[in-house]
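Visitor: I would like to learn how to read a protein model one feature at a time. Could you walk me through this one?

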Amino acid sequence: MDPNTSPSSSGLRAIPFKRLVLFTILFILLSSAGVYVIYAQFAERSFSFDWRLVSFPFLLWVLLLLIVYYVADGLRLHFTLRALGHRMSRGKVFRLVFINIFFSNVTPMATGGGFAQIWYMQRQGIPLGTATAATTIRTLLAVVFIFVATPLFLLSLESLENSAISGQIAAYLAVFITLYLGFFAILLLRTRWLLPPLTLIINALHRVNLINTDRQMHWRFKSKREMLRFAHSFAAYRKGAPGDVLLSVIFTVVFLLSLFSFPALLMQALGYDVSYLNVVGLLVITTFIMYFSPTPGASGIAEGVFGHFFSGVLSGNHLVLVTVAWRLLTIYLGMLIGVFVTQAELMRTRSMHGRA
């Protein structure tokens, strides 16, 4: 497909519906299993609902934080696109926020989220290379903050002093993060360096007869073309309007801080006197682990890791409650909205296709 042409209406319909339903069911089952593990292992089978979480002052603060959370998520992509020299109306950007939340949480390793974002942006006239670069840069900005902060919190948080993941493991983790970010630095700043090893891999696949000659030539051409397009787009981002680049970074920070603030708000409403920095640190590490989860939306793993980290902070009867409330506010609610937004977009696509 020519990256400068409008995409066909196939888009998300290309995703097998049965597979999407299966992943959604898997997400629900794994999330439920994660909550049960917390209930059985960390909360000592204790649970009670606290009506303070439905008080008017608390709900008002939740609403305000949700607005900041969703708005910052949309604006970080909005200004990334502007830095790349493209614009999309803010209304469409915010629809994309919820489409991304839904698909990135019902597909393993968040692959569907990237696919859905690119599909939607192409429908709005954004070239393929630019759409791919925008989603990658937006994600990478968040990854850099989280990956840099994770070893710092692992080595400094008092609540992790006796944890199995602190100390020497944290040092190894710091090395891994350095290598991981180094790879992305090469990908973004020295893309051509990756072309020779990529060509060697494709040639090796041909030598062992895993791909035929035609596919070998096609893969070599396509991989070189897309990597160079991506490098060009990132160069365009770096050379974009300084204000747009700065705002994309600022709203990434605002988005992450709002995301990490939900547990602190929940605990404060329940009467806990906790350090905000400590809560943010534990959430940063939790999110870092979630990046490597193979389950849809880190389901099961996210709940289990959160329960493990906060079992020493929350009482048993509140641990399950806060875990579920945290996931409800940051993920489940956005997914539910995303279902309706996605359905509306698909119906609009079918309607336009029918008129054509």
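Visitor: How many helices and strands does the secondary structure of the chain come to?

Guide: The chain has twelve helices and zero strands. Helices (H or I, at least four residues) and strands (E, at least two) are DSSP runs, numbered from the N terminus. Along the sequence the pattern is α-α-α-α-α-α-α-α-α-α-α-α. Before we go on, this is a predicted model, where local features need pLDDT of at least 70, side-chain atom pairs count only at pLDDT 80 or more, and totals for chains, interfaces and linings use all residues. Residues are numbered from 1 along each chain as its sequence is written, and side-chain values use heavy atoms, with hydrogens and water left out.

Visitor: What percentage of the residues of the chain count as buried?

Guide: Buried means under 20% relative accessible area, exposed means over 50%, and partly exposed is in between (1.4 Å probe, protein chains only). Of the 356 residues here, 48% are buried. The accessible surface of the chain is about 18,000 Å², and carbon and sulfur atoms hold 67% of that. Such areas come from the Shrake-Rupley method with a 1.4 Å probe; for residues, only the protein chains shown count as cover.

Visitor: Which residues touch the most other members of the largest nonpolar core?

Guide: A nonpolar core is a set of buried Ala, Val, Leu, Ile, Met, Phe, Trp, Tyr and Cys residues joined through side-chain atoms within 4.5 Å. The largest one has 99 residues, and Met121, Tyr237, Phe260, Leu266, Phe310 and Trp326 touch the most other members. Helix H5 (residues 128-156) gives the most to this core, with 13 residues.

Visitor: Which residues does leucine 266 touch?

Guide: Contact means heavy atoms within 4.5 Å. Not counting residues up to four places away in sequence, Leu266 touches Leu53, Phe58, Val322, Ala325, Trp326 and Leu329. For the chain as a whole, take the contacts with a separation of 6 or more: 75% of them join residues 24 or more positions apart.

Visitor: Now for helix packing. At what angle do the axes of H2 and H3 cross?

Guide: Two packed helices are described by the angle between their axes and the distance between the axes. Axes are lines fitted to C-alpha atoms, for helices over the stretch in contact, and angles run from 0 to 180 degrees between N-to-C directions. Helix H2 (residues 56-83) and helix H3 (residues 90-106) have axes that come within 9 Å and cross at roughly 115°. Angles under 35 degrees count as roughly parallel, over 145 as roughly antiparallel, 65 to 115 as roughly perpendicular and the rest as oblique. H2 and H3 are therefore roughly perpendicular. The residues making the contact include Tyr70, Gly74 and His78 of H2, along with Arg90, Phe94 and Ile101 of H3.

Visitor: How do H10 and H11 cross?

Guide: Helix H10 (residues 276-290) and helix H11 (residues 301-310) have axes that come within 10 Å and cross at roughly 150°. That makes the two helices roughly antiparallel. Among the residues that meet are Val279, Leu283 and Ile289 in H10, and Ile301, Val305 and Phe309 in H11.

Visitor: Is H11 mostly covered or mostly open?

Guide: H11 is mostly covered, with eight of its ten residues buried. Glu303 is one of these buried residues, as are Phe306 and Gly307. Thr323 is in helix H12 (residues 316-355), and its relative accessibility is 0%, so it counts as buried.

Visitor: Which phi values deserve a look?

Guide: Most residues other than glycine have a negative phi, and most peptide bonds are trans. Asparagine 209 has a positive phi near 65°, and alanine 298 has one near 55°. Asn209 is in the loop between helix H7 (195-207) and H8, while Ala298 lies in the loop between H10 and H11.

Visitor: Are these two buried or exposed?

Guide: Asn209 counts as exposed because its relative accessibility is 67%, whereas Ala298, at 4%, counts as buried.

Visitor: How far apart are leucine 154 and glycine 281 in sequence and in space?

Guide: They are 127 residues apart in sequence and 8.1 Å apart in space, C-alpha to C-alpha. Leu154 lies in helix H5 and is buried, with a relative accessible area of 3%.
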